[in-house]
Amino acid sequence: MKIVLQNLTKVFPSRNKKSNEEVVAVSDLSFTIPDGKLVGLLGPSGCGKSTTLYMISGLQKPTGGQIFFGEDDVTTLSPENRGVGLVFQNYALYPHMTVKQNILFPLQNLKGADKLDKNTMLERALEAARLVQIDNLMDRKPSELSGGQQQRVAIARALVKMPRVLLLDEPLSNLDARLRLQTREEIRRIQRETGITTIFVTHDQEEAMSISDVIVVMKLGVVQQIGKPQTVYDNPVNLFVAKFLGTPPINVFKANVKGGKLYINGEAVLDVQGVADREVFAAIRPEGFIPAENGAMTCTLSSIEVMGRDVSIVSKNEAMLTPTIRSIVDADYKISATAQTVKFDLKPHKVFIFDSETEERIYFGDQSAPETGI
Ligand code: ATP
């Protein structure tokens with residue numbers, strides 16, 4: 001099922017009688033999600049991810065704009081009539097019911113023409129349980145399950161009504177690190193197997209990048225960039241997006257362009273032909289540094305951390321705006337741990353520059369603006 005969001009806006013009125021300050025939770029959001037895709041809605045706390053999801057589900061009414069499922073305008077439809085499956089962070093299972101009863105519950109509440117006979121309901125519940133691999137736990141109560149198993153029950157319960165759209169709001173937040181990893185792969189598998197158009201809300205960029213076909217990065221209710229995870233990582237449109245994606249995070253420096261060269265801390269570190277003289281922010285991905293004896297950029301060495309295949313060089317520089325500079329280099333590079341300084345050449349496609357006022361990207365060399373959309 002294709003989902004179209006058109007100029008979707010949500011404004012919450014002020015709660016404070018003395019001030020008229022409204023909260024614009026989502027502002028003029030427009031994008032189309034093609035049928036069968038898994039979209040990660042990503043951004044820091046308060047950026048409007050959940051509000052967007054609740055508007056798609058029907059739990060919240062937009063202040064403006066429209067929502068289409070396929071050709072149907074569902075903007076004013078109630079949640080029950082939209083055919084959405086919802087999974088929240090807290091699994092919200094009924095504690096006194098068994099797994100089977102929990103999964104059956106949405107089917108037992110179907111009315112009129114949608115009503116199913118008992119056998120069909122049981123079959124459907126078992127099918128959903130098999131899909132999330134909890135069919136061997138049907139007689140347990142939620143308290144007798146692990147967090148990961150409980151979340152699978154919640155997913156089965158959302159799937160049992162065969163929704164047109166599956167909406168997941170931070171579904172992995174209550175799980176420990178290992179289970180998070182496992183469950184996110186499960187969600188990916190289930191989504192592929194069912195082909196249900198799915199929207200997944202998270203503030204965890206790694207999680208969104210690893211399972212989404214497409215990510216939508218939001219800030220303060222406004223979409224910043226939409227694209228394939230790798231494209232957004234390789235080609236961010238502004239400093240916010242560049243900083244939001246990537247572990248370790250991107251290294252940001254105060255810099256300036258003069259005579260077609262990028263200067264960081266007084267050193268000409270890269271050719272940026274075609275860019276007019278100006279103040280900029282330069283952001284360099286950790287994998288963008290090449291240690292070189294006569295490298296263009298000089299940093300003070302803090303420490304070297306060996307991480308198996310890679311080496312992480314931690315260093316400092318007067319112009320840095322992040323607490324340290326973290327560069328990831330191949331373990332083949334031999335760097336003396338007792339050296340005071342380390343010099344780097346830079347990989348041009350791993351260096352992004354941004355206007356120092358608007359923080360919008362300035363493209364140089366063979367860089368060009370990314371394709372947007374899905
Ligand atoms: P988180 O990751 O913390 O859940 P989020 O990106 O999902 O954040 P939302 O919950 O959509 O963000 O909230 C967006 C903005 O709208 C926030 O500033 C929030 O305080 C505000 N907001 C959300 N719900 C309401 C409400 N019912 N009344 C007033 N303001 C609200």
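Reader: How much area do domain 1 and domain 2 bury between them?

Author: Buried area is the accessible area, taken with a 1.4 Å probe, that two parts lose on being put together, summed over both. Here domain 1 and domain 2 bury about 1200 Å² between them, with 55% of it on carbon and sulfur atoms. On the side of domain 1, Gln205, Tyr233 and Leu239 supply 55% of the area buried against domain 2, more than any other three residues. This is a predicted model, in which local features need pLDDT of at least 70 and side-chain atom pairs count only at pLDDT 80 or more, while totals for chains, interfaces and linings use all residues. Residues are numbered from 1 along each chain as its sequence is written, and side-chain values use heavy atoms, with hydrogens and water left out.

Reader: What lines the largest pocket?

Author: Rolling a probe the size of a water molecule over the atoms shows where empty space is left. On a 1 Å grid over the protein atoms alone, a cavity is a set of points where a 1.4 Å probe fits but cannot get out, whereas a pocket is an open set with protein on both sides within 12 Å along at least five of seven lines; lining residues have an atom within 4 Å of a point. The largest pocket is lined by 28 residues, of which Val84, Gly85, Pro106, Arg157 and Lys161 lie nearest its centre. By class, this lining has 17 nonpolar, four polar and seven charged residues, where Ala, Val, Leu, Ile, Met, Phe, Trp, Tyr, Cys and Pro count as nonpolar, Asp, Glu, Lys and Arg as charged, and the others, Gly among them, as polar.

Reader: Which residues line the largest cavity?

Author: The lining of the largest cavity consists of Ile155, Leu166, Ile187, Ile190, Gln191 and Thr198. By class, four of these are nonpolar and two polar, with no charged residues.
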